[in-house]
Structures are given as C-alpha cells and as structure tokens.
Amino acid sequence: MAKYLIGLYADEEQLLAGVEALQKASIPIHEVCTPFPVHGLDQLLHLKKSRLPDAAFVYGALGTLTALSMQIYMYTIDWPINIGGKSFLPFPSFIPVTFELTVLFSGVLMFLSYLAVNRLYPGKRARIYDPRQTDDRMVVAIAAEPYWQKAQAVFEKTGATEIKIVEV
Amino acid sequence: MFESPIREPLILGHKTYSQITTDLVSPILGRTSWKWYVTTAITAAAMFAGFAAIAYTIWVGIGTWGLNKTVGWAFDITNFVFWIGIGHAGTLISAILLLFRQRWRMAINRAAEAMTIFAVICAGLFPIIHMGRPWLVFWFLPIPNTHGSLWVNFNSPLLWDVFAISTYFTISLLFWYTGLIPDLAMVRDRARPGSFAHILYSILSFGWTGSAKQWQRFEAVSLVLAGLSTPLVLSVHSIVSFDFATSILPGWHTTIFPPYFVAGAIFSGFGMVLTLMIITREALDLKDYITLEHIDAMAKVTLATGMMVGFAYATEFFIAWYSGSYWERYIFLNRAFGPYWWAYWIMVSCNLLIPQVFWIKKLRRSPWFVFIISIFVNIGMWFERFVIIVTSLHRDFLTSSWRMYKPTWVEVTILIGSFGLFLTLYMLFARFFPVIAAAETKSILKTSGDQYAGLSWEAYQAQKRAGVLGSVLQPAHHPDNPSQP
C-alpha cells in the first residue's frame with residue numbers, strides 16, 4: 001500500500017494542460033490513467049516508443065522459419081513421396097502454410113509479450129486510484145510526498161474536478 | 001473524415017463519457033429481461049437439436065446424410081464455406097476499416113468480431129464431422145506418428161485450410177480480447193466490490209488500469225494485429241476457395257475463385273452483421289451508437305460487394321463460353337437451366353438483384369427494410385455455396401453416374417443446430433460483454449458526438465458561451481486550427 005495524491009480531470013484537453021503544468025513545475029508524475037487512449041499524452045510524458053511492433057516482426061520471422069523448416073523436413077528430407085514425378089520440394093505449395101504460421105506466431109507471441117510487459121494476467125488485482133478512471137475521469141497520480149502541496153496548487157489551477165489522497 | 005460538417009455525427013443523444021459507460025454497462029450488470037431468456041432458450045434448443053443430429057451422424061455414420069457416390073460433398077461443405085464467409089465481415093470491419101481510418105466501424109466492430117469468432121466455431125464443426133471418423137481428426141496435424149512417419153500432405157489445399165482456419169480463429173480471438181480488456185475493466189469498476197460480477201470481471205480484465213503506458217502499448221498492439229489480420233482475412237477465404245479451384249472439376253477450377261470468394265464472404269458477413277446489429281440496437285437500446293448512418297454505410301458495402309459477386313457470376317459464364325471448353329460450358333448452362341435451376345436463380349435474385357434496392361437512400365436508412373434485405377443476403381449466400389458445390393458434382397464425367405442430391409433430416413437439423421450454436425454464443429456475448437467498444441467510442445466522442453460534430457465556429461462559440469459544451473476543445477475545422485485543412 002502506498003499513498004498518492006491524485007487529481008481527476010473530466011476533459012482530455014485539461015488533462016494535457018495539467019500534465020504540462022506539472023512538468024513545468026518539475027513535479028514528478030507517477031502515473032496517468034485514462035478511460036480511453038488520449039492522443040499526445042505519451043509524447044508529453046516522454047514515454048519511449050513501444051518496441052512491441054519490432055518484436056512482432058521478429059516473432060513473424062520465427063514463424064516463417066519454423067514453417068519452412070517443418071515442411072522441408074517432413075516433405076523433402078524425412079519421407080519424400082514420389083507423386084507422379086513431381087518435385088520433392090514444391091516450394092509454391094509451402095507458401096500458404098508458411099504465411100499462416102508467420103501470422104500465427106507474430107500475433108500470438110506479440111499478444112503474450114503485450115500481457116507480459118503490461119503485467120496483465122487473469123485474476124490480477126487492479127491497482128485503481130479511483131473507480132472513475134475507467135469511466136469518465138482522467139487520473140494524474142503524484143507519488144512523492146514533498147511535492148504534494150505544489151501539485152495540489154497546479155491541479156486546482158488547471159481545472160481538476162477533484163483532488164484527493166488515496167491509498168492503493 | 002467524419003469531422004466535415006456535411007457528414008452526420010456518429011454518436012447521437014449528446015452523450016457524455018459517463019453516459020457511454022452507463023449505456024453499455026447497465027445491460028450487463030442490470031437485470032436480465034425475460035426476452036433474453038426466451039430467445040436464448042429457443043436458440044439453445046436449436047443448438048442441442050443440432051448436437052443430437054451430429055451425435056447420430058457419428059454413431060450411425062455418414063450414410064444418414066443424403067450423399068451418394070457422385071455427390072460426396074453437399075450440405076456439410078456448403079455450411080462450412082457459408083459460416084467461414086459470415087466471419088469475414090468482422091475482421092474486415094475491425095482490421096481493414098481501422099487501417100483506412102473509418103470511424104464508423106467503432107460502433108459495430110466489437111459485435112462483428114464476436115460474430116467472426118462464433119462463425120468460425122460453427123464452420124470448424126463441419127470439416128470434422130464430414131470426415132465420418134472425427135476421432136481421427138488429429139491426422140490433420142503434422143505431428144510425429146507411428147504410421148511409418150507418414151506426414152500430412154502439404155500440397156493439399158484441405159491441409160492449408162487447417163492452418164488458415166485455426167490461425168484465423170486464434171488471431172481473431174486475440175484481437176477481440178485485446179480490445180475487450182479495457183472495457184471489461186470498465187464493467188469491473190462499476191460492479192459492487194465483492195459481488196460475483198466484480199470477481200468475474202476482475203479475472204477477465206487481467207488487472208487493467210488504463211495507464212498511459214498501457215494505452216500506448218494497446219494502440220501499438222491493435223495496429224499490428226490489424227495489419228496482420230488484413231492479409232489473413234483475405235488469405236483465409238482464398239485458401240477455402242483453393243479447395244475448389246485446385247481441382248479439375250468444371251465449374252470449380254477457375255482462377256477467379258479467390259477474389260470472388262472473398263467478395264462473397266464480405267457480402268455475406270455484412271448481411272449477418274446487419275441482421276444481428278439491427279436486432280441488437282433495438283433490444284439493448286443502442287440507437288444513439290448504431291445510428292442510421294451506420295446502417296446506411298453497411299448497406300452500401302453490401303451493395304458494392306453484392307455487385308462484385310454478381311460480376312463474378314457473369315465472368316464465370318463469359319469465360320465458360322470463351323474458353324471453348326465443352327464441359328465447362330455445359331456445367332454453367334446446367335447450373336442456370338438444369339435440375340437445380342431454382343437454387344441458381346435464388347442465388348442470383350438474393351445476391352445480385354434484391355440488394356439493388358440499396359441504391360435508394362431512403363431504403364438504406366429504414367432499419368426494418370434493411371433487416372429484411374439482409375435475410376435475403378444470408379439465404380442467397382448459402383445457396384451460392386450450395387450451387388457451386390452440388391451442381392458441379394451431380395453431373396460428373398460419366399453419364400451413368402449422374403445423381404440427384406437431396407438432404408436428409410439429419411443434415412437439415414445440423415444446419416439449424418449450427419445457427420442455434422451461433423446465436424446462442426451471440427446471446428451470451430450480448431448479455432455478458434459490452435457490445436460496443438466503449439473506450440474507442442469515448443475516444444471519438446469529441447470529434448463525432450452530435451454536440452461537437454459539424455458545428456460552425458460561430459455556433460461553437462455561442463454554445464461555449466452558453467456553457468453547453470463546458471470544454472476547452474477547439475472544433476476540428478476551425479480556420480485558426482492549423483492541424484486541420
């Protein structure tokens with residue numbers, strides 16, 4: 001359990017203005033929770049670009065390699081079957097399965113990575129500052145107690161609808 | 001873009017963020033209406049009847065079906081292709097329209113994706129039961145075995161189907177659930193702490209909080225999954241069409257099949273989405289979210305894809321004549337004027353002729369009229385698959401083996417059962433999950449809510465002075481706003 005000072009905003013424009021003002025006053029922001037993705041917030045908070053799309057590419061490449069090596073092993077190396085003298089390595093026939101496994105590996109492993117980096121798993125207790133953060137309020141949480149007074153003034157000035165101290 | 005003033009807003013009723021929450025959560029946490037119980041009881045009864053017919057098939061054998069030596073594929077594969085097709089609209093709406101930045105998809109993508117998943121479940125039943133010995137279904141899989149190291153045949157489109165459909169199901173499910181997690185968290189936080197609903201939705205929402213980092217990753221994952229799903233959805237029905245196109249049968253071995261099947265799949269999928277969404281918006285009172293504008297847009301897609309399918313019918317005939325192949329020409333004349341002429345003309349009327357009424361704007365905006373047309377689309381697309389499969393088979397190369405096909409009660413019951421399964425799953429979904437993507441809808445409220453969309457600068461200023469808007473938002477098309485042309 002830790003204590004946080006939270007400010008609740010009702011409008012994303014006000015939230016962005018509030019976050020900017022907090023940063024100008026060099027108050028460290030612990031977390032910002034919103035009920036929907038707010039555009040521009042990640043740049044404002046200097047969040048690093050997510051590397052999940054890069055990971056998805058690697059996973060996809062892994063799928064391609066798995067599919068091709070599996071088919072070549074089974075069809076060409078382990079048990080080649082002579083079907084009317086046709087090629088033992090019918091590469092065009094391998095493409096559909098290769099494509100599907102590429103997509104499958106990429107999608108499934110990226111989804112699992114997404115859950116892992118976000119620490120999301122079935123039954124996890126959600127650390128919610130205020131129940132309205134999944135409804136209609138955007139929450140800015142300040143962890144460092146020495147800054148609370150200054151932060152409260154900023155919250156008030158930028159139009160936060162509610163300011164309170166919560167234990168999460 | 002829908003921000004231009006000539007477009008109609010996408011969210012009506014002057015909604016606020018919390019009203020969107022309430023509108024979507026109250027059917028879940030509120031009391032279940034008796035209508036839901038009655039409807040679900042009917043669909044579940046149909047489902048169990050279908051299961052009984054499947055059990056009978058497995059117990060007695062495929063001989064209980066109307067198949068014969070000549071027509072070896074009929075109802076089963078018709079149903080399979082039909083259900084796979086139904087699934088395609090969901091991925092089209094959620095993935096392709098996401099990449100095209102079509103905002104109207106947000107009201108319907110959740111339900112359409114759910115339909116995709118349920119339709120693929122229904123479709124997956126048929127290849128398994130039509131094998132006759134479904135307990136050997138694992139022979140589909142490339143796993144080490146004791147049959148002399150006999151591997152699966154990677155030259156066969158039927159095997160490609162196994163990979164395509166299982167991938168399609170998995171990716172659709174993950175895409176759907178990725179979007180559901182934030183909305184399930186929304187339901188969780190509305191439920192009374194300690195109640196069963198709170199525990200259930202806590203488990204299902206994976207501890208989502210909606211922090212800025214989570215949303216950033218959410219958007220990255222959604223975009224990549226959309227990018228993956230787009231070629232995937234096109235590949236799935238292409239591969240299904242390869243089941244026919246790579247054969248040597250007249251009427252089947254045509255190169256037009258992949259695009260023709262994909263267009264048909266989207267057409268039939270939109271038919272089913274229209275059917276169910278028109279009922280859902282009435283039953284759950286979501287007319288402010290699934291507006292006439294949405295029905296209009298979907299009717300336009302139906303019209304366009306219907307004409308693509310119609311064009312494919314014409315092309316097939318032309319090529320049958322132009323190829324100079326006697327057998328090819330015979331098969332197509334036999335389709336239209338042979339013993340199954342009635343099936344062919346049901347197909348043409350339902351898919352090509354009847355949707356032409358959607359040229360008229362007034363009819364596109366009449367929900368009950370669109371509903372009736374969407375039923376015709378469903379019927380027409382089922383018959384399309386029936387026509388392709390049965391008419392090409394029933395008169396084969398040897399005149400003495402020409403046979404007619406007639407379904408038995410077992411096959412008809414299995415078809416009804418698959419509708420029961422699909423609708424029962426949909427009823428459960430509509431009862432326990434938010435049928436509209438709430439977070440996404442909230443994110444477009446400021447550009448597409450009727451109190452914001454299409455306001456002139458003067459009207460905006462006047463409303464702001466009067467305190468109606470209560471927000472510091474600039475209208476998107478304000479002349480001083482450089483980010484918008």
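Here are a few worked exercises on the predicted two-chain model above.

Some ground rules: residues are numbered from 1 along each chain as its sequence is written, while chains are lettered from A in the order in which they are written. Since the model is predicted, local features need pLDDT of at least 70, side-chain atom pairs count only at pLDDT 80 or more, and totals for chains, interfaces and linings use all residues.

**Exercise 1. Find out where the pLDDT of chain B is below 50.**

Step 1: start with the average. pLDDT is the predictor's confidence in each residue, from 0 to 100, and its mean for chain B is 86, with 91% of residues at 70 or more.

Step 2: Residues 1-6 of chain B are below 50, and so are residues 470-485. Counting contacts (C-beta atoms, placed from the backbone, within 7 Å) beyond near neighbours in sequence, residues 1-6 have 13 in the model and residues 470-485 have 21.

**Exercise 2. Work out whether the radius of gyration of chain B agrees with that of a compact globule.**

Step 1: compare. For 485 residues the rule gives a value near 23 Å, and chain B has 25 Å, so the two agree.

Step 2: The C-alpha trace of chain B spans about 85 × 55 × 45 Å along its principal axes.

**Exercise 3. Describe the side of chain A that touches chain B.**

Step 1: count. 57 residues of chain A are in contact with 54 residues of chain B.

Step 2: find the main supplier. H4(A) gives the largest share, 17 residues; helices here are DSSP runs (H or I, at least four residues; strands are E, at least two), numbered from the N terminus.

Step 3: sort by type. There are 35 nonpolar, 11 polar and 11 charged residues on this side of chain A. Nonpolar covers Ala, Val, Leu, Ile, Met, Phe, Trp, Tyr, Cys and Pro; charged covers Asp, Glu, Lys and Arg; the others, Gly among them, are polar.

Methods:
Contact = placed C-beta atoms within 7 Å. Rg over C-alpha atoms; globule rule 2.2 N^0.38 Å.
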